[in-house]
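Here are a few notes to read alongside the picture. Have the structure open and follow the points in order.

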Amino acid sequence: MSKTKDIVWRLLRKNISAGQIIGYALANLVGLTIVLTAIQLYRDVTRGWDGDGTDAMISRDYLIVSKRVEGVTGLFGSSAVSTGFSQADVDSILAQSWARRLAPFTPSRFNVNAAVEMGGRGLSTYMFFESIPDDYFDITPRGWEYTPGVTREIPIVISKDYLALYNFGFAATRGYPQISESMVSMVPLRISLSGNGRQQDFNARIVGFSSRLNTIAVPQEFMDWANQQFGSPEKATELPSRLIIEVSSPGDPAINQYLADHGWEAAGDKLQSGRAARFLVLVTTAVIAVGAIISILAFFILMLSIYLLLQKNGPKLHQLMLLGYTPATVSSYYIRLVVAVNIGVLALSCGAMLWAQALWTAPMEAIGATLTAPWLTLGIALVIIALITLGNILAIRRQVARHW
């Protein structure tokens with residue numbers, strides 16, 4: 001039986017053009033390599049930006065928005081122009097296509113004084129607290145939970161910029177010691193809260209540093225309790241002055257236009273980095289589209305080759321039909337050829353993608369970026385080749401059946 005199959009295969013392969021098969025393989029290899037490399041590069045770059053890699057294929061970002069302050073607000077009583085966000089403002093933001101969700105910053109409505117001793121020197125300063133829901137943080141530090149009356153220390157998260165300002169601005173000029181993030185977490189703080197006719201001291205500790213939040217943050221549970229105990233009743237109805245917004249499309253021009261129309265401001269350079277992220281998405285989409293077009297053209301090259309091949313083998317197919325061979329039997333020879341070629345294309349394209357990733361690994365690690373594992377991209381490659389092979393099989397069987 002195997003000898004008969006060899007004879008049939010030698011009969012059918014006489015008109016197979018090696019150049020056409022190689023052309024298909026090369027075109028498919030180039031297209032698939034472009035697609036996989038673009039996907040992996042996009043994942044690695046967004047992982048480097050996001051820091052945690054949680055949003056690999058769909059980049060998410062957060063904006064901290066406040067109203068622009070005009071002149072001197074609140075110096076001579078209440079201002080005619082409120083800097084707080086009303087419920088109408090919140091509803092307007094949530095109605096925008098780029099806004100996923102938002103949360104207001106809850107400010108401390110009481111006096112906060114912090115004291116610390118370092119190197120035998122005491123340092124005391126007035127400060128403030130703010131809080132937002134935990135799922136808006138970019139970090140999840142240990143010991144962040146707080147239960148009033150149970151937790152001994154107030155956990156605090158501050159901006160990384162604050163530590164840099166202390167080390168290179170204040171400490172360097174005043175002769176105070178410069179400290180690292182790990183050392184700051186070991187320094188005990190003494191916090192004094194006062195207001196509403198009450199005063200109480202607490203132990204506190206800095207448990208984390210945020211790159212997203214430019215504030216001094218405490219747990220929402222502590223803030224709610226402290227505002228109830230020490231907060232001024234007159235300030236309880238004040239509108240929130242800052243909002244943190246999770247946006248679905250960073251860099252969308254509609255965001256900048258919306259903020260400009262309302263006279264609002266976004267903290268930091270989030271809009272600029274969002275534009276860079278949007279540009280990256282556009283470039284990646286264009287590159288993937290080019291690779292996909294090349295792969296599609298390769299698919300049609302193969303189909304044209306098979307169609308011409310079957311045209312040349314028309315008399316042989318008729319003879320095989322008279323000998324009792326079925327279309328499925330004849331098409332299986334061509335299918336095995338295509339499957340073998342596609343497996344080779346898959347292996348080479350994945351190897352090329354991994355080689356390309358190795359080229360940009362060192363430069364990205366040099367800037368502190370952490371790359372993603374290529375397993376998702378390799379899985380995408382497997383799915384693409386499986387779909388291409390399935391299309392090849394269906395087209396081959398259809399062409400053979402038409403000539404039968």
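Which residues does Asn 392 touch, not counting residues up to four places away in sequence? Keep that in mind as you go; the model is a predicted one, by the way.

1. Asn 392 touches Tyr 24, Phe 299, Leu 302, Met 303, Val 338 and Asn 342, once residues up to four places away in sequence are set aside. To find Asn 392 yourself, look in helix H11, which covers residues 375-403.

2. Now, is Asn 392 buried or exposed? Its relative accessible area is 0%, and the cut-off for buried is under 20%, so Asn 392 counts as buried.

3. Zoom out to the protein chain. Of the 404 residues in the chain, 40% are buried. If you take the contacts with a separation of 6 or more, 79% of them are between residues 24 or more positions apart.

4. Next, the outside. The accessible surface of the protein chain comes to about 21900 Å². Carbon and sulfur atoms account for 60% of that surface.

5. Have a look for some charge, too. Asp 134, Glu 145, Glu 221 and Asp 224 gather in a patch of negative charge on the surface. One of them, Asp 134, is in the loop between strand E6 (130-131) and strand E7 (153-159).

Definitions and conventions. Residues numbered from 1 in each chain as written. Predicted model: local features only at pLDDT ≥ 70, side-chain atom pairs only at ≥ 80, totals over all residues. Heavy atoms only, no water. Helix = DSSP H or I, 4+ residues; strand = E, 2+ residues; numbered from the N terminus. Buried < 20%, exposed > 50% of the residue type's maximum accessible area, 1.4 Å probe, protein only. Contact = heavy atoms within 4.5 Å. Areas by Shrake-Rupley, 256 points an atom, 1.4 Å probe, with all protein chains shown as cover. Patch = residues over 30% accessible without salt bridge, like charges linked within 9 Å, V, L, I, M, F, W, Y side chains within 5 Å. Salt bridge = Lys/Arg side-chain N within 4 Å of Asp/Glu carboxyl O. Lys, Arg positive; Asp, Glu negative; His and termini not counted. Charge placed at Lys NZ, Arg CZ, Asp CG, Glu CD.
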